[in-house]
Amino acid sequence: QWHADLTYGEDPQSNRDTVRQSPTVAEMCDRYMREHAYVHKKQSSADLDQFFVDSYIKPYLGKQKVTSITKNDISSFHLSMQDKPSQANRIIATVSKMFNLAEEWGYRPQHSNPVNGLAKFKEENRERYLTSDELKRLGEVLDEEQKSGRESVFVIALIRLLLLTGARLREVMFAKWEWIDFE
């Protein structure tokens with residue numbers, strides 16, 4: 001490799017020093033969480049990112065240098081999670097954002113995100129319906145909340161309307177009275 005670097009006018013020692021001084025993926029993850037996730041995302045989204053970082057990204061890629069990560073590394077990482085395609089795709093989206101930020105932070109050259117071009121896993125739509133026991137328990141909780149006054153009667157009515165109609169949340173929230181056929 002050093003011969004090729006010299007042939008193209010590059011300094012192999014300088015390249016080696018750059019890699020050596022590069023932060024690890026674990027360090028990039030910590031900066032991502034500190035400066036991006038917990039600053040620009042909802043708490044629940046940031047918490048999910050932290051779970052991805054702690055459970056998947058750091059254990060698999062954490063010790064490697066940010067500058068040394070290749071498309072092949074990312075592809076292998078993604079493939080290692082093929083039994084959970086939806087989660088794997090979410091994790092890879094998080095990794096992609098991290099590498100975009102790594103470019104902004106000067107850890108990698110511009111347009112070098114190793115996630116770019118990676119084919120995501122096909123995801124299947126899932127439908128889940130509440131069981132009769134779950135529906136009964138939900139009804140009891142809604143009744144308790146309404147009696148206690150801890151929750152708005154409008155929120156409780158919204159949940160009941162969603163359950164009764166099967167409509168989507170946004171459809172109900174933005175419905176207009178003229179759309180309703182009272183007959």
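## Helix 3 and His36

A helix here is a DSSP run of H or I with at least four residues, numbered from the N terminus. In this predicted model, His36 is found in helix 3, which covers residues 25-40. His36 has a relative accessible area of 14%. The limit for buried is under 20%, so His36 counts as buried.

Residues up to four places away in sequence are set aside for the contacts of His36. Beyond them, His36 touches Arg31, Lys41, Lys97 and Leu101.

## Fold and confidence

The protein has nine helices and zero strands. From the N terminus on, the order of elements is α-α-α-α-α-α-α-α-α. The protein has 183 residues, and 27% of them count as buried. Take the contacts between residues at least 6 apart in sequence: 55% of these join residues at least 24 apart.

The average pLDDT is 89, and 89% of the residues score at least 70. Residues 13-19 fall below 50 in pLDDT. Beyond near neighbours in sequence, this stretch has five contacts in the model. Where pLDDT is low, the predicted coordinates should not be read in detail.

## Val115 in a loop

Val115 sits in the loop between helix 6 (85-104) and helix 7 (132-148).

Neighbours within four places in sequence are left aside for the contacts of Val115. The remaining partners are Ile74, Ile92, Val95 and Ser96. His78 is 37 residues from Val115 in sequence. In space, the two C-alpha atoms are 9.7 Å apart.

## Aromatic pairs

The whole structure holds five aromatic pairs. One of them joins Phe51 and Tyr56. The ring centres of Phe51 and Tyr56 are 6.1 Å apart, and the planes meet at 75 degrees. Planes over 60 degrees apart count as edge-to-face, so this pair falls in that class. Phe51 is partly exposed, at 39% relative accessible area. Tyr56 counts as buried, at 17% relative accessibility. Phe51, Phe52 and Tyr56 form one aromatic cluster.

Trp177 and Phe182 form a stacked pair. The centre-to-centre distance is 6.2 Å, with 20 degrees between the planes.

## The largest pocket

Rolling a probe the size of a water molecule over the atoms shows where empty space is left. The largest pocket has a volume of about 290 Å³. Which residues line the largest pocket? The lining consists of Leu161, Thr165, Ala167, Glu171, Val172, Ala175, Lys176, Trp177 and Ile180. Two elements give two or more residues to this lining: helix 8 (153-165) and helix 9 (169-173).

By class, the lining has six nonpolar, one polar and two charged residues. Trp177 is one of the lining residues, and Trp177 also stacks with Phe182.

Technical notes:
Residues numbered from 1 in each chain as written. Predicted model: local features only at pLDDT ≥ 70, side-chain atom pairs only at ≥ 80, totals over all residues. Heavy atoms only, no water. Contact = heavy atoms within 4.5 Å. pLDDT = per-residue confidence, 0-100. Phe/Tyr/Trp six-rings, centres within 6.5 Å; stacked < 30°, edge-to-face > 60°. Buried < 20%, exposed > 50% of the residue type's maximum accessible area, 1.4 Å probe, protein only. 1 Å grid on protein atoms, 1.4 Å probe; cavity = no way out; pocket = protein on both sides within 12 Å on 5 of 7 lines; lining within 4 Å. Points joined across faces, edges and corners; volume = space filled by probe spheres on them. Nonpolar A, V, L, I, M, F, W, Y, C, P; charged D, E, K, R; others polar.
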